[in-house]
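Thanks for coming, everyone. I would like to take a few minutes on one chain, so please have a look at what is on the screen before I go on.

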Amino acid sequence: MAERHWVNGGVNLLWSTTGNWSLTEGGAGGQAVPTAAEDVFFDAGSPDCTLNTATAKLAKTLTTSAYGGTLTFNVQLSVSGNITIGANTLFAGTTTNKLRMIAAGTWTTNGKTIPQDIEIGGTTTFTCTLADDLTTSGNLYLTNTTSTIFSGDFHITAAGTCTISGTQTITIVHDVTISGSTTSTGNEVINGLFNWNTGGLITSGTLTGTTTIILTGGTWRDDGVSYCSTTVTLAGDVIISGTILYAASATPTLTYVSGTITTTGSTLSINSACTLDTNGMSWNNITLTAGMTLTINSLLTVAGTLTIDELATTFSGTAGFTVGTLTHTNIEATKAFTFLAGATYTVNTAITAKHANWASYRYQYKSSTPGTKVIFTLGYGATQDIAFLDPTDMDSSLGQTVFSATGVITTCFNWSNDLGHGRIIPEAGGESVTVAGITKDNAGVALGSCDVYLFRDNGGDTATYIAYQESNSVTGAYSFAVFPGSTYFVVAFKGGATPVMDVTDRTVTAV
């Protein structure tokens, strides 16, 4: 292909002037302005150049290796092959007038930070080979309509934002760092066993791939229709905005590492199996929109509501959750919800497990390992609206009794189905009340200095030890602060001998 060398043709310093182009370095001007078929050279002796007029400029390749002049971008420049920028090349003009690579080529910057916006993309799959780090102080645009493959073990850095469009697959070979936000406008795939570091993520199409997206700040939001199914790490001061649709495929992992995560008014909506490792932050609401295995590898905290929708769910991993409200919606037929054996699950505010046709549909709470209990704690003062629940291997002795209208309770501590169907609202909103009395002998005379043990009645023949104190040495008085929502009783001994009180039938009788 023909070459075009920039020379001083004695007319002006405008790209569009034929007098400024030569076939050889330092040769005579007068050649045609470059097209996408010519290799363009700015040599050591080339003067300044202004890319002028409203028409975008074209070149097959661009080389400024020895050039120390200034390229003024009044329009964009599209290159269909290699781009080689000299370390001493200067740039001027509007930075939004892009330097574009629109076909396969090698990008060499010689350590130069390019102030122009950079665009890489075309209409066919091509490989952009990085000969060194590619850095722009402007914005990055990846616009291929099919696929862009990066080769060469170097970094890509943009001080501005990144826009990904064209419904493409991007393969990266080293970390990409975007100081501003990354905006994905189509159904995009980002592959590579490296990181995409960005100060925010805005999506209006599905986002998948093997690359880990690290949010170092900014805002994470989507269009409320398309799912982000890449592995995401929160490692900065990030705002979660609106409803984030997460995990429609590929079992991604969502991890919290550092920073302040603002989740006010937001919902994380999870559609398929994924892993959460977000201890250290609190989500606002989380909704599980389908049957799945949710792997929790560190304490999951939900300040608002955890909603389990439609189908059976298994909680696995190494940890449990603490939520404000646990609720089920749209349960169809009998569904099982499996909790990790030995893990702790805490519900602080309310639990709802009720279907409109509650007599026909049965919920099952069970341990992942039969015989090993799940620690399921319902906070004192938490409301209950439970219709038909079959719990197995559940220990709720650290919280208030969990009541179900009916169901089969198997090897559970502090569960009961003795109450009729309805909503349970503990008195006093969870404030403590007092269990008090006086230890007496069989003549009804106060007997002091007795050992008094407080138990919570779990129903059936089981009870849980809660606390101990010694009754007053003179009056025999004792008093325990407890919380409503459970039934308590005391057992008292004098000197470790015969009980002062006989409570074998749950009726306290002097003996």
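Let me begin with accessibility: buried means under 20% relative accessible area, exposed means over 50%, and partly exposed is in between, with a 1.4 Å probe and protein chains only. At 44% relative accessibility, T411 therefore counts as partly exposed. Although T411 is not a glycine, it has a positive phi of about 45°.

Residues are numbered from 1 along each chain as its sequence is written, and side-chain values use heavy atoms, with hydrogens and water left out.

How far does the confidence go? The pLDDT, which is the predictor's confidence in each residue on a scale from 0 to 100, has a mean of 88 over the protein chain, and 89% of the residues reach 70 or more. Over residues 502–511, however, the pLDDT is below 50, and this stretch has 22 contacts in the model beyond near neighbours in sequence, a contact being heavy atoms within 4.5 Å. Residues 420–431 also stay under 50, and for them the model has 31 contacts beyond four places in sequence. Where pLDDT is low, the predicted coordinates should not be read in detail.

Now the overall picture. The protein chain has 55 strands and zero helices, and of its 511 residues, 51% count as buried. Among contacts with a separation of 6 or more, residues 24 or more positions apart account for 33%.

Which residues have the most contacts inside the largest nonpolar core? They are W107 and W220, in a core of 97 residues, where a nonpolar core is a set of buried Ala, Val, Leu, Ile, Met, Phe, Trp, Tyr and Cys residues joined through side-chain atoms within 4.5 Å. Leaving aside neighbours within four places in sequence, W220 is in contact with residues including L201, C228, V238, I244, Y246 and L254. There is also a second, separate core of seven residues, among them V452, L454, Y488 and V490.

Turning to charge, how many salt bridges does a search of the whole structure find? It finds two, a salt bridge being a side-chain nitrogen of Lys or Arg within 4 Å of a carboxyl oxygen of Asp or Glu. One joins the side chains of E119 and K98, at 3.2 Å from N to O. E119 lies in strand β13 (residues 118–120) and K98 in the loop between β10 (90–93) and β11 (99–101), so the pair ties together parts that are 21 residues apart in sequence. E119 also meets R100 in a salt bridge, at 3.1 Å from N to O, and here too the pair links distant parts of the chain, since R100 sits in strand β11, 19 residues away from E119. Through these shared partners, K98, R100 and E119 form one network. Both E119 and K98 are buried, and so are both E119 and R100.

Two more local sites are worth a look. T148, found in strand β17 (residues 147–151), is buried, with a relative accessible area of 1%, and its side chain makes a polar contact of 3.2 Å with that of Q168. By polar contact I mean a pair of N or O atoms within 3.5 Å; within protein, one must be able to donate a hydrogen and the other to accept it, and residues adjacent in sequence count only if both atoms are side-chain atoms.

Finally, D393 is found in the loop between β44 (389–392) and β45 (394–395). D393 has a positive phi of about 60° although it is not a glycine, and it is buried, with a relative accessible area of 7%.

Technical notes
Predicted model: local features only at pLDDT ≥ 70, side-chain atom pairs only at ≥ 80, totals over all residues. Helix = DSSP H or I, 4+ residues; strand = E, 2+ residues; numbered from the N terminus.
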